[in-house]
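This briefing goes through one structure, from whole chains to single contacts. Look at the sequence and the 3D view first, then read the points below.

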Amino acid sequence: MSKARLDGTVAFKALFLCAAVLFVATPLLATVLGGFKSLGELRTNPFGLPHSWEWHNYADILFSSRYWTLLGNSLAIALLTVALTLITGSMAAFVFAHLRFFGSEMLFAYITAGLLFPAATAILPLFIKVRDLGLLDSYFGIVLPQVAFGLAMSILLLRRFFRDLPPELLEAAVVDGCSYIGFFGHITLPLSRPILATVGTIVFVQSWNAYLVPLVMLNSDRLYPWPLGIMVYQGEFSSEWNLILAFITLTILPTVVLFLFAQKHIVAGLTAGAVKG
Amino acid sequence: MRFAVRRRDSSKWAAILLFLPPALLLFSIFVVLPAGEAGWYSAFNWNGFGRPTRWIGLDNYRFVLDNRAFGVAIGNNLKVIAVSLLVQLPLAMTLAIILAERFRGAVALRMLFFLPYILAEIATGLMFSFIYDGNYGLLATIYGWFGAEAPHLLASPATAMPAILVVIVWKYFGFHMMLFIAALQGLDRGVIEAARIDGATGWQLQRHVVIPLLSPTIRLSVFFSVVGSLQLFDLIMPLTRGGPADSSHTIVSFLYTFGVTRMRVGFGSAVGVILFLICVTFAFTYKRWFMRDE
């Protein structure tokens, strides 16, 4: 009786998992495989393995400068965003973690208020601000707003980590005549590699996938990151789904590779960061 | 000694004055100022050129609230929240309970289910516009087996939004599942073992022991579902752009379509201010009522 019931539960779990796997994996596989098919085959056989593998769908994209320009733009924007976020964020987080002064609590509350609303709420005034600063159609017109809107979360995560470092370190260093700035550079940062990697990875993924801010700030497709570029591509090849699917596969590939290598940082950062948000 | 204290003090102020301004400036210029300016601009009829001069008071808010598409957008945001709570949350929790146990392949499955969450919304939307395509996609195939013409789901006002809701569950349940797995792994195994010894099994154990222990995480998951719904935009653009007949807009896609693309700065700012108020009110009341202990 108990054995039979146990088997029942196991069977239910297995069935449930299979259904979930089918639900998640089908669109992904259809996309990757669809890129290998001819348009005619895609119509008759959208979900099976290709009968003849059309490698040139992928090769044509890989050998086009268009694809690499898009990825290059996305990479430049994401790396600049990560670098600026980590530099400004860790410096501010260090002050909030270790130094108390009149108004420090208020300033911290001021920054964390940034968690309360998304960039979309102020996107038009943001556009006008970026335009008045002469930054439209430049990497920094995207990077600076992205850094600003990511700062609240980054500072929160970094501050918590800095605070959990052993306080004796700071005491000892200060007694030995080390300045706070020296302590930050020589001790805090080297000890904080894990959290810097986590914050950097989250900020990178968010910037890599971002759509709204680049869409509003860019006019010329010369600087388009890939989410904008792929929308243009889809507009041009509107019914040649095999090419669009190949293009999608090649643009999400970097994300998937990064995910496989940095999954610990991504999962920890996104869930832990979320919990504190 | 006094010298040392003074030196320490000057070192402290050097750090503060060097380290704080960059973050504070960036945050003030690109987050706080625009948020405040949205309130100011929303009182003008302004196309963005020159300076705003045509003051119209609260008229923009009246135009927004009178706009039928805005009501539909709010309704769609509520539908997203409803589906997140009624479909996505139970799905995420069930999978988390199954996958929190150790067995071969559990970690790989977790990763597979989490993968959609980190894919770009734009790419996800395009993938699903293929899946839903009446000539090529999954539905086309299934209808084809019966020799019937497949409906174009995204092209009909009755089906566009439900089709988007499926994509939302596909994309986001893995994130909520990970929240629950993290919580389950932090649970006190002793309590669960005690209940098991007392004779609680299977469903009883989940219903009366595990799920109550997860309630802080449930509240957190609900919070993220609502906040995520309020920001929803990227996924809408590749799927429907808010159409057909403005049937699938969210608040942000409404803002983009009617405010940004037509450069109606005042009108768009008014939408932004309304969204801002919804976000802030929700965050405060929810945290006060449901997340007091955290």
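Helix 3 of chain B and helix 10 of chain B are roughly antiparallel to each other. The model they belong to is a predicted one.

**Helix 3 and helix 10 of chain B**

- Helix 3 covers residues 68–99 of chain B, and helix 10 of chain B covers residues 215–231.
- Their axes come within 9 Å and cross at roughly 150°.
- An angle over 145 degrees counts as roughly antiparallel, which is why helix 3 of chain B and helix 10 of chain B are described that way.
- The crossing in which helix 3 of chain B passes helix 10 of chain B is right-handed.
- On the side of helix 3 of chain B, the contact is made by Asn77(B), Val80(B), Ile81(B), Ser84(B), Leu85(B), Gln88(B) and Leu89(B).
- On the side of helix 10 of chain B, the contact is made by Ser221(B), Val222(B), Ser225(B), Val226(B), Ser229(B) and Leu230(B).
- Sorted by class, the residues of this contact are seven nonpolar and six polar, with no charged residues.

**Helix 3 and helix 7 of chain B**

- Helix 3 of chain B also packs with helix 7 of chain B, which is made of residues 157–185.
- The angle between these two helices is about 40°, and their axes are 7 Å apart.
- That angle makes helix 3 of chain B oblique to helix 7 of chain B.
- Helix 3 of chain B passes helix 7 of chain B in a crossing that is right-handed.
- The contact of helix 3 of chain B with helix 7 of chain B has 21 nonpolar residues, three polar and one charged.

**Helix 4 and helix 7 of chain A**

- In chain A, helix 4 (residues 65–98) packs with helix 7 (residues 139–164) at an angle of about 40°.
- The axes of helix 4 of chain A and helix 7 of chain A are 6 Å apart.
- These two helices of chain A are therefore oblique to each other.
- Helix 4 of chain A passes helix 7 of chain A in a right-handed crossing.
- The contact of helix 4 of chain A with helix 7 of chain A divides into 17 nonpolar, nine polar and two charged residues.

**Chain B as a whole**

- Chain B has 13 helices and zero strands.
- Chain B has a radius of gyration of 25 Å, well over the 19 Å that the globule rule gives for 294 residues, so chain B is more spread out than a compact globule.
- The C-alpha trace of chain B spans about 80 × 70 × 30 Å along its principal axes.
- Of its 294 residues, 44% count as buried.
- Among contacts in chain B with a separation of 6 or more, 67% are between residues 24 or more positions apart.

**Chain A as a whole**

- Chain A has 13 helices and zero strands.
- Along its principal axes, the C-alpha trace of chain A spans about 75 × 70 × 35 Å.
- In chain A, 44% of the 277 residues count as buried.
- Residues 24 or more positions apart make up 76% of the contacts in chain A with a separation of 6 or more.

**Where the two chains meet**

- In the interface, 74 residues of chain A are in contact with 74 residues of chain B.
- Helix 13 of chain A (residues 241–276) gives the largest share of the side of chain A that touches chain B, with 15 residues.
- That side of chain A divides into 57 nonpolar, 14 polar and three charged residues.

**One residue: Leu115(B)**

- Leu115(B) lies in helix 4 of chain B, which covers residues 106–118.
- Is Leu115(B) buried or exposed? Leu115(B) is buried, because 20 other C-beta atoms lie within 10 Å, and 20 or more is the cut-off for a buried residue.
- Leaving aside neighbours within four places in sequence, Leu115(B) is in contact with Phe259(A) and Gly174(B).
- From C-alpha to C-alpha, Leu115(B) and Ala158(B) are 30 Å apart in space, and they are 43 residues apart in sequence.

Terms used: Residues are numbered from 1 along each chain as its sequence is written. Chains are lettered from A and ligands numbered from 1 in the order in which they are written. This is a predicted model: local features need pLDDT of at least 70, side-chain atom pairs count only at pLDDT 80 or more; totals for chains, interfaces and linings use all residues. Axes are lines fitted to C-alpha atoms, for helices over the stretch in contact, and angles run from 0 to 180 degrees between N-to-C directions. Helices (H or I, at least four residues) and strands (E, at least two) are DSSP runs, numbered from the N terminus. Angles under 35 degrees count as roughly parallel, over 145 as roughly antiparallel, 65 to 115 as roughly perpendicular and the rest as oblique. A crossing is left-handed if the near helix is turned anticlockwise from the far one by less than a right angle, and right-handed if clockwise. Two residues are in contact if their C-beta atoms, placed from the backbone, lie within 7 Å. Ala, Val, Leu, Ile, Met, Phe, Trp, Tyr, Cys and Pro count as nonpolar, Asp, Glu, Lys and Arg as charged, and the others, Gly among them, as polar. A residue is buried if 20 or more other C-beta atoms lie within 10 Å of its own, exposed if 12 or fewer, and partly exposed in between; C-beta atoms are placed from the backbone. The radius of gyration is taken over C-alpha atoms; the globule rule is 2.2 Å times the number of residues to the power 0.38.
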